[in-house]
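Please read them with the structure open.

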Amino acid sequence: MWKKSELREAPAPLEGPVVATITGGTVIWFVLFLAQLPFYGWFDDRGTTWWVWTCLAGGGLGLLGVWYVRKRDAAIKRAAAAKSAEGQAAVPDA
């Protein structure tokens, strides 16, 4: 059992090239889907066509993810610009 003194606050999330990461993952899902299409009959014979459709679903969800992280990134930049402009307006000219 964890003691209260052993609990630590969660670290801040790492910020990196989120849009590029999600875009890269989405491209990989679509490439895997396209690579499996010629072998659809082979997958169908073995009852594993879900592999093909999983890759398509991953690509589709990846497109939603790209849209989401682009909007999030734009909102973060707008908030930072507003905060910067607010800070500059508060400083009187000497």
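1. A residue is called buried here when its relative accessible area is under 20%, exposed when that area is over 50%, and partly exposed in between. The model is a predicted one. T49 has a relative accessibility of 18%, so T49 falls in the buried class, given that the cut-off is under 20%.

2. T49 sits in the loop between helix 2 (40-46) and helix 3 (50-90). Which residues does T49 touch, not counting residues up to four places away in sequence? They are Y40, F43 and D44. One of these, F43, is itself buried, with a relative accessible area of 6%.

3. As for the overall fold, the protein has 3 helices and 0 strands, and its pattern along the sequence reads α-α-α. The protein has 94 residues, of which 14% count as buried. Its exposed surface comes to about 8000 Å², with carbon and sulfur atoms supplying 67% of that area. Among contacts with a separation of 6 or more, 58% are between residues 24 or more positions apart.

4. The structure contains 5 aromatic pairs. In one of them, F33 and W53, the ring centres are 6.2 Å apart and the planes meet at 45°, so this pair is tilted. Because F33 belongs to helix 1 (residues 18-36) and W53 to helix 3, the pair ties together parts that are 20 residues apart in sequence. The two partners can be checked for burial as well: F33 is buried at 12% relative accessibility, whereas W53 is partly exposed at 44%.

5. Another pair is formed by F43 and W51, with ring centres 5.8 Å apart and planes at 50°, so that this pair is tilted.

6. Helix 1 consists of 19 residues and spans 27 Å from its first C-alpha to its last, close to the 27 Å expected at 1.5 Å a residue. Its buried residues are T26, F33 and Q36. Why do these count as lying on the same side of helix 1? They cover an arc of only 95° around the axis, which means that they share one side. On the face turned away from that buried side, helix 1 carries the exposed residues A20, T21, I28 and L34.

7. G59 is a residue of helix 3. With a relative accessibility of 0%, G59 counts as buried. Leaving aside neighbours within four places in sequence, the contacts of G59 are T26, W29 and F30. T26 is also among the buried residues of helix 1.

8. A further point on G59 concerns its distance to I28. The C-alpha atoms of G59 and I28 are separated by 7.9 Å, and the two residues are 31 residues apart along the chain. I28 is one of the exposed residues on the face of helix 1 turned away from its buried side.

Key
Residues numbered from 1 in each chain as written. Predicted model: local features only at pLDDT ≥ 70, side-chain atom pairs only at ≥ 80, totals over all residues. Heavy atoms only, no water. Helix = DSSP H or I, 4+ residues; strand = E, 2+ residues; numbered from the N terminus. Buried < 20%, exposed > 50% of the residue type's maximum accessible area, 1.4 Å probe, protein only. Contact = heavy atoms within 4.5 Å. Areas by Shrake-Rupley, 256 points an atom, 1.4 Å probe, with all protein chains shown as cover. Phe/Tyr/Trp six-rings, centres within 6.5 Å; stacked < 30°, edge-to-face > 60°. Expected span 1.5 Å × (residues − 1). Arc of directions from axis to C-beta.
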